[in-house]
Amino acid sequence: MNAAPESGYAWARLMVSLALMTFGGAGMYALSVVLPQVQADFGVDRAAASLPYTLTMVGFGIGGILMGRLADRFGVMVPLMIGAVGLGLGFMVSGWAGSLWAFALAQGLLLGLLGTSATFAPLVADTALWFDRRRGIALAICMSGNYVAGAAWPPVIQHFTETAGWRATYVGIGIFCLLTMLPLALVYRRRPPLAAAVPVPPGGAAAIAQPQPAERPLGMSPGALQGLLCIAGVACCVAMSMPQVHIVAYCTDLGFGPARGAQMLSLMLGMGIVSRLASGWIADRIGGLRTLLLGSLLQGVALIAFLFADGVVSLYLVSAMFGLFQGGIVPSYPLIVREYFSPAEAGARMGTVLMATLLGMALGGWLSGAIFDWTGSYRAAFVNGIGWNLLNLAICGFLLMRVRRLGLRLGAAGAA
């Protein structure tokens, strides 16, 4: 089979990446569903019960850098094999844990650091090297696996938690990951073609942007630009994590039950799939920075809407709106990295920026639980998320101002 960029093989490989990211995404969403049961089982408060999620996301973020470097050096198959074993053992050890700390360590080290991280940054970087003209939509499809996981796993986990308990459910997921992911990892024995490493103009084939010297992207040092992207990633994902991590607990507190919350989480992340695909199409035309700004602005609108939604119907509607608005935010970051940094550093740089988004999810997941414990309500947690979202908007605005000042074009729409 032809292994050139944009070939049939490239698209088939992308579909396997989508499946692997979907399976690996169980490590991100399982605890959000079983959070009330874990809290009751270990007899702790909401902030303490949220700590394992925080450690999972911290491990996920740090592991993204490690796995990205392994992918750059040895190819993506190596981190994927490690990830399959990490996920399998992580779920099983978590299900057998006798204390909250044992549970939290298994979540952070096995599920986060060695498991789910291998099915995120390495697959994103690999996809970026197999596509040029349609890189935006290809990245969106790949990263949709994260949201397919969010749509598919919560109702499955909720069903088995109700019928068999959360511990047995965790062990079952671990066995499933081992049996499915190890064989699929063998697909990645073939390395990306050298032609895929040729830089592509910002905005995709639809736009021919002015050249960007890799040593001074946007007139800044690479470290400075990456630092700003990392801060932006933390900020947007602190805001994003409030509904994603706590919607099940929020519905339980309102008296609607955890099953309703799991359905809302599934709906939210299902709409995120639509958002990611649409944002990929948009990004191929207007570039990553504008797409990031648009997604951040719409996410802020949805967070404000949560402040006024306290009924079942209104929460379903706002959850769907939130998923539809924010799904394109995180895929914008790897696209920006490929637009302004050397492709030879794709795995490490994408891993670092994506680590920042995951640290934002980790911080936001814990902080929202802590704010709930302090105030007895999630209203202040939503306000906190809105504040972090404003910081992300400010950074996006600053970077776009630099584009305008340097006279660069971002996409088919013309000058910024």
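In which helix does R13 lie? In this predicted model, R13 lies in helix α1, which covers residues 8–24. The account below starts with the overall fold and then returns to this residue and to several others.

The secondary structure of the protein consists of 15 helices and 2 strands. Its C-alpha trace spans about 60 × 45 × 30 Å along the principal axes. Of the 416 residues, 60% count as buried. The accessible surface comes to about 14300 Å², and 71% of this area belongs to carbon and sulfur atoms. Among contacts between residues at least 6 apart in sequence, 83% join residues at least 24 apart.

The largest nonpolar core contains 117 residues, of which F103, I247 and L399 touch the most other members. Helix α9, residues 222–254, supplies the largest share of this core, with 16 residues. In soluble globular proteins, nonpolar side chains tend to be buried together. When neighbours within four places in sequence are left aside, the contacts of F103 are L31, V38, F42, P52, S94, A97, W166 and Y170.

R13, in helix α1, has a relative accessible area of 3% and is therefore buried, since the limit for that class is under 20%. The side chain of R13 is joined to that of D126 by a polar contact of 2.9 Å. Apart from residues up to four places away in sequence, R13 touches V76, D126, W130, V187, Y188 and R190.

A glycine, G365, is found in helix α14, which comprises residues 346–375. The relative accessibility of G365 is 0%, so this residue counts as buried. Residues up to four places away in sequence not being counted, G365 touches S50, Y53, T54, S241, V245 and H246. Y333 is 32 residues from G365 along the chain, and the C-alpha atoms of the two are separated by 21 Å.

The cysteines were also examined. A search of the whole structure finds 0 disulfides. C396 is in no disulfide, and the nearest cysteine sulfur, which belongs to C236, is 8.0 Å away. That separation is not within the 2.5 Å required of a disulfide. C396 counts as buried, because its relative accessibility is 1%. C251 is likewise buried, with a relative accessible area of 0%.

E6 has a phi of about 70 degrees although it is not a glycine. E6 is placed in the segment before α1 and is buried, with a relative accessible area of 12%. L218, also a residue other than glycine, has a positive phi near 55 degrees. L218 lies in the loop between α8 (166–185) and α9, and its relative accessible area of 1% makes it buried.

Notes
Residues are numbered from 1 along each chain as its sequence is written. This is a predicted model: local features need pLDDT of at least 70, side-chain atom pairs count only at pLDDT 80 or more; totals for chains, interfaces and linings use all residues. Side-chain values use heavy atoms; hydrogens and water are left out. A nonpolar core is a set of buried Ala, Val, Leu, Ile, Met, Phe, Trp, Tyr and Cys residues joined through side-chain atoms within 4.5 Å. Buried means under 20% relative accessible area, exposed over 50%, partly exposed in between (1.4 Å probe, protein chains only). Helices (H or I, at least four residues) and strands (E, at least two) are DSSP runs, numbered from the N terminus. Contact means heavy atoms within 4.5 Å. A polar contact is a pair of N or O atoms within 3.5 Å; within protein, one must be able to donate a hydrogen and the other to accept it, and residues adjacent in sequence count only if both atoms are side-chain atoms. Accessible areas come from the Shrake-Rupley method with a 1.4 Å probe; for residues, only the protein chains shown count as cover.
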